[in-house]
Amino acid sequence: MADAERGKSRVETILTEGSLFAGDYVIIVTYFVLIIGAGLYAAKQSKRSSISGYFLASRSMHWIPVGASLFASNIGSEHFIGLAGSGAASGVAIATYEMNAIFILMMLGWFFVPVYLSSGIYTMPEYLRLRFGGQRIRVFLSVLALLLYIFTKISADLLSGALYIKLALGLKGESGLYLSILVLLVIAAIFTIGGGLSAVIWTDFVQTILMVIGAFILMVAAMVEVGGYDALMDKYSKAEADPDFSAMKLENGKNVSCMAIQENFMHMLRPADAPGDDLPWTGLFTGMLIGSIWYWCADQVIVQRTLASRNVTHAKGGVLLAGTLKFLPLFLLVLPGMAARVLYKNEVGCSDPVKCEAICQSPSGCTNIAFILLVLDLLPTGLRGLMLAVMMAALMSSLTSVFNSASTIFTIDIWTRFRGRASDTELLIVGRMFIVVLLVVSIAWIPIILSYKESQLFHYIQAVSNFLCPPITAVFLIALFWPRMNEPGAFWALMVGFAVGMIRFGLQFGYSSPPCGSGLPDTRPDFVKSAVDNFHYLHFSAFSLLLSGCVGVLVSLLTPPIPEDRLYRLTFWTRFSTEVRAKLDDEVKRVEDEIDDTNITSTEEMSNRRKCFNLICGIEDQNESEEENMKSEEELAIEASEFLKEEPKYKRLSNVVAVLVMSVAAFIYGFFA
């Protein structure tokens with residue numbers, strides 16, 4: 001009883017006062033010095049004065065930093081908090097997203113990346129521009145991607161980072177929280193503005209090592225505290241919050257806790273009629289696959305890392321490394337989240353709206369603080385600082401990736417739409433300045449982030465993504481494998497899918513249901529309850545994909561096809577072609593072929609202010625770009641196909657490793673089925 005009282009007192013102290021000491025701050029400062037040094041060194045070594053150098057690291061990256069960057073870009077702070085929180089709430093089912101990603105990463109490396117590399121594109125909207133022609137698809141997809149970045153990626157990262165910093169520092173107001181977030185945003189922007197993708201990838205490489213080491217230490221500490229794996233399984237099944245911390249609901253004629261432990265908590269395959277905060281097995285093979293294909297194979301943040309590879313062999317090696325690392329979240333994040341439910345059953349497992357509001361300022365539940373409590377309670381001074389550094393590393397990795405990819409999309413796909421003859425210098429400056437705009441928008445979005453009260457952050461991210469991404473997935477899949485699809489088909493598939501997704505988005509977030517156990521009536525119209533509560537977002541994703549795909553195929557069949565000579569190296573079937581691709585009727589020259597030499601001022605004529613600005617932005621003379629522009633179209637076509645050449649021994653090795661990795665993933669599925 002005395003131990004329980006001491007534990008209770010310790011947790012209350014953490015929640016109200018924080019638990020960082022001088023040693024922790026020394027570790028944090030040391031981390032920032034080292035990581036900034038690594039980023040700036042990579043920036044200095046990179047060819048950031050050219051478009052290819054800044055946005056694609058000159059297509060020269062080795063498979064190890066590519067794979068590490070893929071993993072770090074994916075595992076942001078929202079994964080630390082979201083996966084651990086969902087593990088605390090419902091068990092291992094949330095890890096199906098990680099297992100699914102392994103199979104989809106193989107699709108990226110073996111089907112999508114070869115086409116992207118041979119086509120010579122910088123961005124996903126640019127690929128659709130070359131594949132279909134016209135500008136409306138490219139511009140629409142660019143705007144949609146930027147919106148998704150702001151409202152899911154950046155907002156989720158900032159929300160999860162805010163939760164951690166607030167508890168770690170014992171902040172009660174918002175002033176200290178704003179200051180902490182602003183510092184993180186500024187540091188992330190320095191990496192991206194100063195060094196481009198090369199600095200981002202090498203920074204991700206260092207931070208991946210930090211994330212894995214820190215999370216492994218915490219996993220061991222949590223397992224020791226609960227008594228090992230078997231003890232975790234036994235104790236988790238009984239980790240119901242005390243009655244004072246529980247709200248009750250009527251289920252099958254019985255009063256049960258709103259945060260009850262599910263009997264199938266160690267199973268990944270859940271019933272097909274599972275509620276919205278759970279994952280039905282039917283959604284696992286439909287909507288989850290759809291969202292994963294968009295995220296891993298058609299989203300700029302992820303694909304841009306593979307486009308920076310030296311060739312397709314290094315791209316495949318990168319996705320194999322990332323796929324191997326994706327086994328870790330189940331053990332490093334989900335299981336520790338379950339341990340947190342055991343150790344802090346009242347704080348993490350609370351369901352009474354009043355109690356939850358007092359604990360974590362969220363009346364719908366406090367599972368999102370599971371990982372944070374483990375860090376602040378179990379780790380000694382110094383290691384707590386390391387884990388705070390790891391969390392900030394995760395946040396910065398995700399933010400730098402989003403900033404770099406968003407600036408690429410805006411510069412290549414939107415700015416050149418209005419400034420068709422923009423010079424390399426102008427494009428580089430615009431790309432960096434747009435990151436500043438993203439910073440401003442992100443800061444302005446912070447009050448809305450802080451007011452969001454969803455209990456499980458990871459489900460929010462997946463729900464929003466599955467409302468908007470299915471038409472994008474449909475268009476990319478069909479564009480890659482069915483040459484008959486044309487621009488009208490792709491455009492109307494996107495429009496119809498987007499309209500349906502926005503309707504569902506409005507129904508989901510436009511009407512709010514009362515917290516479980518609050519006793520308040522549910523005033524939502526019956527059609528909203530039916531559309532939201534009885535139509536899981538993963539099932540909706542499958543419906544949206546089928547609808548968009550059918551519209552795209554039907555419209556394409558009713559309109560003229562794209563000539564075959566305009567599809568070389570733009571479909572999976574023509575990826576090895578060395579033929580010169582015929583230009584579309586309205587196709588403008590590629591960005592690197594549009595440089596206006598008269599706009600480039602020589603170094604001798606530059607003012608000191610301009611020289612200083614160019615030094616900061618890494619803008620040098622344009623001789624390299626001029627040499628690139630002197631190549632003939634035949635040479636460029638042959639050069640593009642060279643990216644796909646593989647040595648037979650490395651090709652066989654990558655195939656064997658891919659089969660092995662997928663086999664292990666299938667075994668884990670079967671073990672936890």
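**Exercises on aromatic contacts and burial**

Phe467, Phe505, Phe535, Phe540 and Phe543 form one aromatic cluster. The model is predicted, so that local features need pLDDT of at least 70 and side-chain atom pairs count only at pLDDT 80 or more, while totals for chains, interfaces and linings use all residues. Residues are numbered from 1 along each chain as its sequence is written, and side-chain values use heavy atoms, with hydrogens and water left out.

**Exercise 1.** Classify the ring pair of Phe540 and Phe543.

*Solution.* Rings of Phe, Tyr and Trp (its six-membered ring) pair if their centres lie within 6.5 Å, and planes under 30 degrees apart count as stacked, over 60 as edge-to-face and the rest as tilted. By this rule the count comes to 24 aromatic pairs. For Phe540 and Phe543 the ring centres are 6.2 Å apart and the planes stand at 50°, so the pair is tilted. The two residues are three apart in helix α25, which separates them by about one helical turn; helices (H or I, at least four residues) are DSSP runs numbered from the N terminus.

**Exercise 2.** Decide whether Phe540 is buried or exposed, and do likewise for Phe543.

*Solution.* Buried means under 20% relative accessible area, exposed over 50%, and partly exposed in between (1.4 Å probe, protein chains only). Phe540, with 4%, is therefore buried, whereas Phe543, with 39%, is partly exposed.

**Exercise 3.** Find the ring over which the charged end of Arg136 sits.

*Solution.* A charge sits over a ring if NZ of Lys or CZ of Arg is within 6 Å of the ring centre and within 35 degrees of the ring normal. The ring is that of Phe491, with the charged end of Arg136 at 3.8 Å from its centre.
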